[in-house]
Structures are given as structure tokens and as C-alpha cells.
Amino acid sequence: MTTRKRGATGPAERAIQTIHSRTLVTIRNAADLLGVTDRWVRQLCTDGRVTKEGPGVVPIGEVIAAYTENLKTESKKTSKSEAAAEVQRARAEEIRLRVAIRQGELIPMTEIEPVFSDILGSLRSRLAGVPAACTRDLNLRETIEARLEEALDEARADFERRADELAP
């Protein structure tokens, strides 16, 4: 981005000065040219940003300069208001989450993971004794143990996958 000394004029400013010194248009023509209302151009005159040169006649250069200045100001306001709206949305979401936690609708994952881990560990321990309680046949017992181990491993993998899906 180039910087310019105060008071220095660039090509746009020089062009507007040239147009300003030469061209007068009706308020209606100025409004039509810029896509604004006649009332908007009249308000520029009332605010002193544009000089009326006669009844309903204004220098187009002043109108263009005021219009571009207005665009710059509106752009700054818009970006500030968008940032403020984003902050407000984030705060509202944070409040909504805090309320949901307080009402017991949400539980932090850091509290859930140890509970599930304890439950699954306890289940694994209890299921480890099932093959021995069901049969004395060692081959059948090994088959049952292997199938239980596979099922528990699949359940653990599902749990980890779903926990990862829920993680932010």
C-alpha cells in the first residue's frame, strides 16, 4: 500500500478537481449517475458537503467526492458491525452452552470419557469370566474368549471413533 503526504493529490483527486471546476448537473442527474435518490444528494447540500450552484444544480465533482467518502465510511462501519455481530454471536453461543450445562442437557466430554472407560473396563472384566462359567471344554472356551475379545475391540473402536466425531 502506498502512502501519500497530507495535502498531496493523486490522480483521482485531480480528476475530481477538474470535473468539479467544469461540470454542473441537476440533482436528478447526479442521483441517477450514482444510483442514489435525489433526496440523498439534497442532504449532501444541506450538510454542506456539496455546494449548490443554483436551483437544483450541483457540481458533479463534489457529489462524486462526497459519494466516495460515504462509501469509505460505510465500508468501515460495515466491517466493524460485522465483527461486533460475530462477537455477539460467539457470546450468545457461550451463554447457551453454559445454560445447557447448568440444566444438565450437556456434559463436558472430559467428564464423560473416564466414566465410559470405567464402565467398559468393568464390563470387560465381567465378560472375561463368562467362557469359564459356560464350559469346561478348553477349545470351546478359547473360541468364546476370542469372539468376546473381538466384540469388545470393535465396541472400543466404535466408541473412540464416535468420541473423535464429537470432539471439536
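Predicted model: local features only at pLDDT ≥ 70, side-chain atom pairs only at ≥ 80, totals over all residues.
**Entry 1**

Residues are numbered from 1 along each chain as its sequence is written, and side-chain values use heavy atoms, with hydrogens and water left out.

I then turned to the largest nonpolar core, which has 13 residues; Val25, Ala30, Val41, Val50, Val58, Ile60 and Val63 touch the most other members. Helix H2 (27-34), helix H3 (38-47) and helix H4 (60-102) each supply at least two residues of this core. H2 gives the most, with four residues. A nonpolar core is a set of buried Ala, Val, Leu, Ile, Met, Phe, Trp, Tyr and Cys residues joined through side-chain atoms within 4.5 Å. Buried means under 20% relative accessible area, exposed over 50%, and partly exposed in between (1.4 Å probe, protein chains only). In soluble globular proteins, nonpolar side chains tend to be buried together.

**Entry 2: Asp38**

I checked Asp38, which lies in helix H3. Asp38 counts as buried because its relative accessibility is 15%. Asp38 touches Ile27, Arg28 and Ala31, again not counting residues up to four places away in sequence.

**Entry 3: a surface patch**

I found a nonpolar surface patch of about 220 Å², made by Leu97, Ile101 and Leu106. Such a patch is made of residues with over 30% relative accessible area and no salt bridge, with nonpolar side chains (Val, Leu, Ile, Met, Phe, Trp, Tyr) joined within 5 Å. A salt bridge is a side-chain nitrogen of Lys or Arg within 4 Å of a carboxyl oxygen of Asp or Glu. Areas come from the Shrake-Rupley method with a 1.4 Å probe. Leu97 is placed in helix H4, and counts as partly exposed because its relative accessibility is 33%.

**Entry 4: Phe116**

I located Phe116 in helix H5 (residues 109-128). Its relative accessibility is 39%, so Phe116 counts as partly exposed.

**Entry 5: the whole protein**

I recorded seven helices and two strands. Helices (H or I, at least four residues) and strands (E, at least two) are DSSP runs, numbered from the N terminus. Of the 168 residues, 14% are buried.

Note on methods: Patch = residues over 30% accessible without salt bridge, like charges linked within 9 Å, V, L, I, M, F, W, Y side chains within 5 Å. Contact = heavy atoms within 4.5 Å.
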